[in-house]
Amino acid sequence: MNGLDFPQISPILFSIGPLSIRWYSMAYLFGIIFGWLLIQKNVKKYNLGLTKEQIEDLVFYLTLGIVLGGRFGYVLFYGGDAFLKNPLLIFAVWKGGMSFHGGVLGVIMAAWYFAKKINYKFLSLTDLIVLYAPIGLFLGRLANFVNDELWGRVTDVPWAVKFPNGGYLPRHPSQLYEAFFEGIVMFVVLNLLWRKKYIREHSGIVSSLFVILYGVFRISMEQFREPDVQLGYFFSYFTMGQMLSVPLIILGSCVLFKIFTSKKA
């Protein structure tokens, strides 16, 4: 059978007694830490009007938004009836299950509350946040690969991987596709644009491009990804990830349209 053997990488990074530290949790931790450090650097470089203490508080609220939004988003969008039968599974985060789209909603709510609390422009705050969100996306998709989850559809491409949980069938390593586009490409594009003074001075452009690019990349990459077994396809073709990404593209496009039309008025 064609295809590359799945690398022998344990999803557990290390253990201390009964406590197991997983790659997936480390992806979240390091994504937040790197984002925190880079936000501090960016605020200082461009004099964006946030103190060190405010940045620390922002990171705290964003972490809550990511974790709570991501988890409840997964329960709502992908959980099926398993959580209805056993609601306590909602708190079993060690068993996996986080939704990017739910995390976005959580971050939006956290950023809105924090911006209001410190009297800071909401879209200026989200612009700063989304610059480094791709770091977490990149690390998270690599962790999905290590966890042998969210693998792709069966294929005969030379770089197909035989995932143990995927029946040892040659499949697209769709996690790596998403890590490249949602992580590396988005990070480079957004941060190159941020260097332009015009972009920095027009709040919301970077935020809008983030959700638009993510929506486009996610819809595209879902063509290679195996749909969630408990959901399957909608209308015999679309996956849940694609369905949830369409509103992101619409939202980002509407905000961009409002930004540019208001500037011309």
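Student: Where does threonine 239 lie in this model?

Tutor: The model is a predicted one. Threonine 239 lies in the loop between H9 and helix H10 (240-264).

Student: Why is threonine 239 called buried?

Tutor: Its relative accessibility is 2%. Buried means under 20%, so threonine 239 counts as buried.

Student: Which residues is threonine 239 in contact with, leaving aside its neighbours within four places in sequence?

Tutor: Arg153, Glu222, Pro227, Gly232, Tyr233 and Phe234.

Student: How many aromatic pairs does a search of the whole structure find?

Tutor: The search finds 16.

Student: What makes the pair of phenylalanine 100 and phenylalanine 210 tilted?

Tutor: The ring centres are 6.4 Å apart, and pairing needs centres within 6.5 Å. The planes stand at 50°. Stacked needs under 30 degrees and edge-to-face over 60, so this pair is tilted.

Student: Which parts does that pair tie together?

Tutor: Phenylalanine 100 lies in helix H4 (residues 100-118), and phenylalanine 210 in helix H9 (residues 205-221). The pair therefore ties together parts that are 110 residues apart in sequence.

Student: How do you know whether phenylalanine 100 is buried or exposed?

Tutor: Its relative accessible area is 18%. The cut-off for buried is under 20%, so phenylalanine 100 is buried. Phenylalanine 210, at 5%, counts as buried too.

Student: What makes the rings of tyrosine 132 and phenylalanine 187 a tilted pair?

Tutor: Their centres are 6.5 Å apart and their planes are at 50°. Tyrosine 132 is in the loop between helix H5 (122-130) and helix H6 (133-146), and phenylalanine 187 is in helix H7 (residues 174-194). They are 55 residues apart.

Student: Why is phenylalanine 187 called partly exposed?

Tutor: Its relative accessible area is 27%. Buried is under 20% and exposed is over 50%, so phenylalanine 187 is partly exposed. Tyrosine 132, at 9%, counts as buried.

Student: Why is H7 called roughly antiparallel to H9?

Tutor: The axes of H7 and H9 come within 10 Å and cross at roughly 160°. Over 145 degrees counts as roughly antiparallel, so H7 is roughly antiparallel to H9. H7 passes H9 in a right-handed crossing.

Student: Which residues of H7 and H9 meet?

Tutor: In H7 they include Phe181, Val185, Leu190 and Trp194. In H9 they include Leu209, Phe210, Leu213 and Arg218. By class, the contact has 15 nonpolar, no polar and three charged residues.

Conventions:
Residues numbered from 1 in each chain as written. Predicted model: local features only at pLDDT ≥ 70, side-chain atom pairs only at ≥ 80, totals over all residues. Heavy atoms only, no water. Phe/Tyr/Trp six-rings, centres within 6.5 Å; stacked < 30°, edge-to-face > 60°. Helix = DSSP H or I, 4+ residues; strand = E, 2+ residues; numbered from the N terminus. Buried < 20%, exposed > 50% of the residue type's maximum accessible area, 1.4 Å probe, protein only. Axes fitted to C-alpha atoms, helices over the stretch in contact; angles between N-to-C directions. Parallel < 35°, antiparallel > 145°, perpendicular 65-115°, else oblique. Left-handed = near helix turned anticlockwise from the far one by under 90°. Contact = heavy atoms within 4.5 Å. Nonpolar A, V, L, I, M, F, W, Y, C, P; charged D, E, K, R; others polar.
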